[in-house]
Amino acid sequence: MNPEPEQDTNDKKGTVIARFGKSADIETSEGQLLNCAIRKAMISIVCGDVITWQGHDNNDCVICDRQERKTLLERPDASGKYKPIAANIDQIIIVSAPRPGIDLDMIDRYLVAAELIHIEPLILLNKTDLYEKDELQKMQDLLNTYQIIGYDIVYSSVKQDHGLETLLNHLRGKTSILVGQSGVGKSSLAKHLLPDIKIAIGKLSDTSGQGRHTTTTTRSYHIDAASSLIDSPGIREFNLWKISPSEVASGFREFAEHHGNCRFNDCAHRREPDCAINTAVTEGKIAKRRYDSFIRLCDSFQEQVQKR
């Protein structure tokens, strides 16, 4: 009678590349891909987590611990509970497109999130082939507000093979995540940058103009040995977790040089006398549209508090 194989109890390192309910796809330190069970007592596991695991193969492996995260991108779900999206990312690629439309407030919310969790953001306007020349120029003029305050912007078109080499240069040596509404072309970008990987691509609805969720699970792909790209499901709206007005202000990087110059330490940057932020807006040092976006964000959090 052959003896049963010994259970491997040695902890080994790996990285989560996708989460599926009670299991997760991991890449081991040797580059092997496995689907491992997640222990019931385990704390939350998401794409990008560095974990330890035990076992031998897909039928006999389990994630038993998670290392401390250096960064975590999350958002509240419909019930207000925090939903982690991805961990240990270096860069957020905020993707927009002419269809389903440019949502500047959503871009601002992602920028605030990036600033507060100390992840470098990149703004990407995709599907530029859908613009007429004068329309594209108007959009570039509008987005120039972000460039003035130090954000990088890339203009891309998969159909015209435009801007993709520039995007690739921004991805080198980093773990980056593509975020944005459904239908902005995140999966098309990922497929073009990773031609050997099978990635589903959907179409915009002819009636609503909204994108279909072709990516259903946040998943990480290797660009090269030092660079990874995470493709995430599209969302209609990205909301921030509960933060104070002062934290919102900290997420607007152009406010930084004016912080501490208001008459009142607890200035809300609204109608208070001698508000340095309001003065900067009046003098054209802070864009009025960005200031209005800041106020809308603060108001939305106040509404959430009043509903509780």
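Q: How many bridges does β11 share with strand β13 (residues 227–231), and in which sense do the two pair?
A: β11 and strand β13 (residues 227–231) pair in the parallel sense over 4 bridges, where pairing requires that DSSP finds at least two bridges between two strands, and strands themselves are DSSP runs of E with at least two residues, helices being runs of H or I with at least four, numbered from the N terminus. This is a predicted model, in which local features need pLDDT of at least 70 and side-chain atom pairs count only at pLDDT 80 or more, while totals for chains, interfaces and linings use all residues. Residues are numbered from 1 along each chain as its sequence is written, and side-chain values use heavy atoms, with hydrogens and water left out.

Q: Why is β11 called largely enclosed?
A: Strand β11 (residues 175–179) has 4 of its 5 residues buried, so the rest of the structure largely encloses it; buried means under 20% relative accessible area, exposed over 50%, and partly exposed in between, with a 1.4 Å probe and protein chains only.

Q: Which residues have the most contacts inside the largest nonpolar core?
A: They are L73, I92, Y146, I177 and F294, in a core of 51 residues, a nonpolar core being a set of buried Ala, Val, Leu, Ile, Met, Phe, Trp, Tyr and Cys residues joined through side-chain atoms within 4.5 Å. Helix α1 (residues 104–116) gives the largest share of this core, 8 residues.

Q: Switching to charges, which residue does R289 meet in a salt bridge?
A: R289 meets D108 at 3.2 Å, N to O, a salt bridge being a side-chain nitrogen of Lys or Arg within 4 Å of a carboxyl oxygen of Asp or Glu. Because R289 lies in helix α7 (residues 288–307) and D108 in helix α1, the pair ties together parts that are 181 residues apart in sequence.

Q: Is D108 buried or exposed?
A: D108 is buried, with a relative accessible area of 0%, whereas R289 counts as partly exposed at 23% relative accessibility.

Q: And what does the side chain of E27 make a polar contact with?
A: The side chain of E27 makes that contact with the side chain of H222, at 2.6 Å; a polar contact is a pair of N or O atoms within 3.5 Å, where within protein one must be able to donate a hydrogen and the other to accept it, and residues adjacent in sequence count only if both atoms are side-chain atoms.
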